[in-house]
Amino acid sequence: MPNSQSNSLLTVQSDILQIPDSPPTGAGVNGETIHFSLIIPTYKERENIQNVIQILSRLLDEYLPGDYELIVVDDDSPDRTWEVAQSLMAEYHQLRVMRRQNERGLSSAVIRGWQVARGRVLGVIDGDLQHPPEVLGQLLRSIEQGADLAVASRHVDGGGVSSWSAIRRFLSRGAQVLGLILLPGVVGRVSDPMSGYFMVRRDCIAGVTLNPVGYKILLEVIGRGSIERIAEVGYVFCERQEGESKVTWKQYVEYIHHLLRLRLSTGILGRVNQNMGFPIRRFLRFGLVGLSGVFVDMAILYLLSDPSTLALPLTRSKIIAGEIAIFNNFLWNDAWTFADVSMQQKEWHHRLKRFLKFNIICLAGLVINVLVLNLVFNFVIPNRYIANLVAIAVATVWNFWVNLKLSWRVTDVK
Ligand code: GDD
Ligand code: MN
């Protein structure tokens, strides 16, 4: 390989997370392709990196001599993993190293690596030897035999986890079930959607903007790529010998966030979102905030009017409770649902103006609520609870839509 003698670090791209159709040119690379690029994302893997590179090189030298590359993408580890990796480049000529200083996270690290990769097949493997390297051969073979995506799985024949605690097994399976409910079309396509060990044909993901949160890059590849044939190969998730896992509760939250984001931007909902211009994401947030208001309203009503507490008159209590709930909803909507808009108009008089508008619109919403309830109950379905549900739905859409157009109006931003 002509250019690999220099051991300079790879430049990190900072544009959108998109894989080009063919390898990028520049930095000593002339747009020539090779068969396989394997990304090794690392964070604090100083103790492991040399071993990993050695084992992977030995294997791949055998399977694909001269036709592969290893790309370490390190997030500026405090233990200077990138430096150790860089020092190995003299010995392993197919090794390239990226040190990211402005971005963090496992999924985006993998994509940044793929962006500079030269392979027609793009893969990823953990940098801590928990993914047995021997499986690479079977994965590569699956792709040769026509799979678009080959996933190493803990949940097919030959797969498993070595000694996970009951709690971690439960959490892992729970996460999978949640994924199956929210995103059956993505999560249901593989037995191990949490796998971080897989390879995919470049063609299947080139040109689409990937937008992952957190750890689970495979979800993003299946959700947004155009993948027809999937192969799975069993593997046993080994124990970590050196260093420690970076998984904390935060990864579980990010996982749910990722599922919801994919849910809203792919499939039917994604099409509605994009084509009909209905801001589903905002609407869901608005609905959740509304729900929180119900609880606030109930709690205040109890505190003020219950015989065991203040025992104030019901109507007076309800008016106060309702207004406090409106105030609660306003705060959350301003800080969350419409945060992007309110950020641009932070001054107090702007906030006050929004709050007054919100109040008036919600009051009108209440009137609409009562009207629809009566209309539906008297003329359509003589069931007060169904009628009330319809009324609440209509009033919520009214509240949302009018507030979107009048209170958090994007157009009157400077
Ligand atoms: N660049 C970069 N940036 N690498 C990271 C980061 C990060 O923010 N966080 C973790 N890594 C690297 C680690 O150094 C390791 O090489 C790999 O990503 C996996 O991280 P671990 O913290 O070891 O994860 P794990 O062993 O708990 O989880 C693994 O198993 C899951 C299966 O349940 C990962 O392989 C997951 O990808 C896999 O889904
Ligand atoms: Mn690990």
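**Close-up 1. Pairing of strands β4 and β5 in the predicted model**. Strand β4, residues 68–74, pairs with β5 in the parallel sense. The pairing runs over 5 bridges. Val 72 has Val 97 of β5 as its bridge partner.

**Close-up 2. The open sheet of 7 strands**. The strands follow the order β5-β4-β3-β6-β9-β7-β10, and their pairing is mixed. At the edges are β5 (95–99) and β10 (230–234), each of which pairs on one side only. From one strand to the next, the twist averages 20°.

Close-up 3. With β9, strand β7 pairs in the antiparallel sense over 3 bridges. Here Leu 149 stands opposite Val 200 of β9. With β10, strand β7 runs parallel, joined by 5 bridges. In this pairing, Ala 150 has Ala 231 of β10 as its bridge partner.

**Close-up 4. Burial of strand β7**. Because 5 of the 5 residues of β7 are buried, the strand is largely enclosed by the rest of the structure. Both of its faces are covered. Leu 149, Val 151 and Ser 153 are buried on one side, and Ala 150 and Ala 152 are buried on the other.

**Close-up 5. Helices α3 and α4 on the strands**. Helix α3, residues 106–116, lies across β3 (34–42), β4, β5, β6 (119–124) and β9 (198–201). The helix runs at about 150° to β3. Helix α4 packs on the sheet and touches β3, β6, β7 (149–153), β9 and β10. The direction of α4 makes about 150° with that of β7.

**Close-up 6. Packing of helix α1 with helix α4**. Helix α1 (residues 46–63) and helix α4 (residues 135–144) pack at an angle of about 40°, and their axes are 10 Å apart. The angle makes α1 oblique to α4. Their crossing is right-handed. Leu 56, Leu 60 and Tyr 63 of α1 make the contact with Leu 136, Gly 137 and Leu 140 of α4. By class, this contact of α1 with α4 has 5 nonpolar residues, 1 polar residue and no charged residues.

**Close-up 7. The buried residues of helix α12**. Helix α12 covers residues 314–337, and its buried residues include Ser 317, Ala 321, Gly 322, Ala 325 and Ile 326. Also buried are Asn 328, Asn 329, Phe 330, Asn 333, Asp 334 and Thr 337.

Definitions and conventions: Residues numbered from 1 in each chain as written. Chains lettered and ligands numbered in written order. Predicted model: local features only at pLDDT ≥ 70, side-chain atom pairs only at ≥ 80, totals over all residues. Heavy atoms only, no water. Axes fitted to C-alpha atoms, helices over the stretch in contact; angles between N-to-C directions. Helix = DSSP H or I, 4+ residues; strand = E, 2+ residues; numbered from the N terminus. Parallel < 35°, antiparallel > 145°, perpendicular 65-115°, else oblique. Left-handed = near helix turned anticlockwise from the far one by under 90°. Contact = heavy atoms within 4.5 Å. Nonpolar A, V, L, I, M, F, W, Y, C, P; charged D, E, K, R; others polar. Pairing = 2+ DSSP bridges. Buried < 20%, exposed > 50% of the residue type's maximum accessible area, 1.4 Å probe, protein only.
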